[in-house]
Amino acid sequence: IRDAELASGARALAPGGLIVASRRGSAYHYPWCTGGEAIAEAIKIWFKSEAAAKKAGYSPAKNCKGLGGE
């Protein structure tokens, strides 16, 4: 049972928040989604929630499952 936690591949919350976006883009992502991983560290902007990202003018990435109530 102790090994199950390690084998599950659980990830810790990113240090900046739950949602990441590019300062140069218009979509937000989960940090583990392909789009989120592709953003250069220097231009990442972090949000604590989807609501905060939407308030800042970002919309959910279409290729990141689970965003935007999907």
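Student: How many disulfides does the structure hold?
Tutor: One. Keep in mind that we're looking at a predicted model. C33 and C64 form the disulfide, with their sulfur atoms 1.8 Å apart.

Student: Which parts does that pair tie together?
Tutor: C33 sits in the loop between strand 2 and helix 2 (34–38), while C64 is in the segment after strand 4, so the bond links parts that are 31 residues apart in sequence.

Student: And what's the handedness of the disulfide?
Tutor: Right-handed, because the torsion about the S-S bond of C33 and C64 is about 75°.

Student: Are those two cysteines buried or exposed?
Tutor: Both C33 and C64 are buried.

Student: Switching to the sheet: what's the strand order?
Tutor: The order is 3-1-2-4, in an open sheet of four strands with mixed pairing. Strand 3 (44–47) and strand 4 (59–60) are at the edges with a single partner strand each, so one side of each has no neighbour in the sheet.

Student: In which sense do strand 2 and strand 4 pair, parallel or antiparallel?
Tutor: Parallel, over two bridges. In that pairing, A27 stands opposite S59 of strand 4.

Student: Where is H29 placed?
Tutor: H29 is in strand 2. H29 has 11% relative accessibility, so this histidine counts as buried.

Student: What does H29 touch?
Tutor: Leaving out residues up to four places away in sequence, the contacts of H29 include L18, I19, V20, I39 and L67. C64, the disulfide partner of C33, is also among the residues H29 touches.

Conventions: Residues are numbered from 1 along each chain as its sequence is written. This is a predicted model: local features need pLDDT of at least 70, side-chain atom pairs count only at pLDDT 80 or more; totals for chains, interfaces and linings use all residues. Side-chain values use heavy atoms; hydrogens and water are left out. Two strands pair if DSSP finds at least two bridges between them. Buried means under 20% relative accessible area, exposed over 50%, partly exposed in between (1.4 Å probe, protein chains only). Contact means heavy atoms within 4.5 Å. A disulfide is a pair of cysteine sulfur atoms within 2.5 Å.
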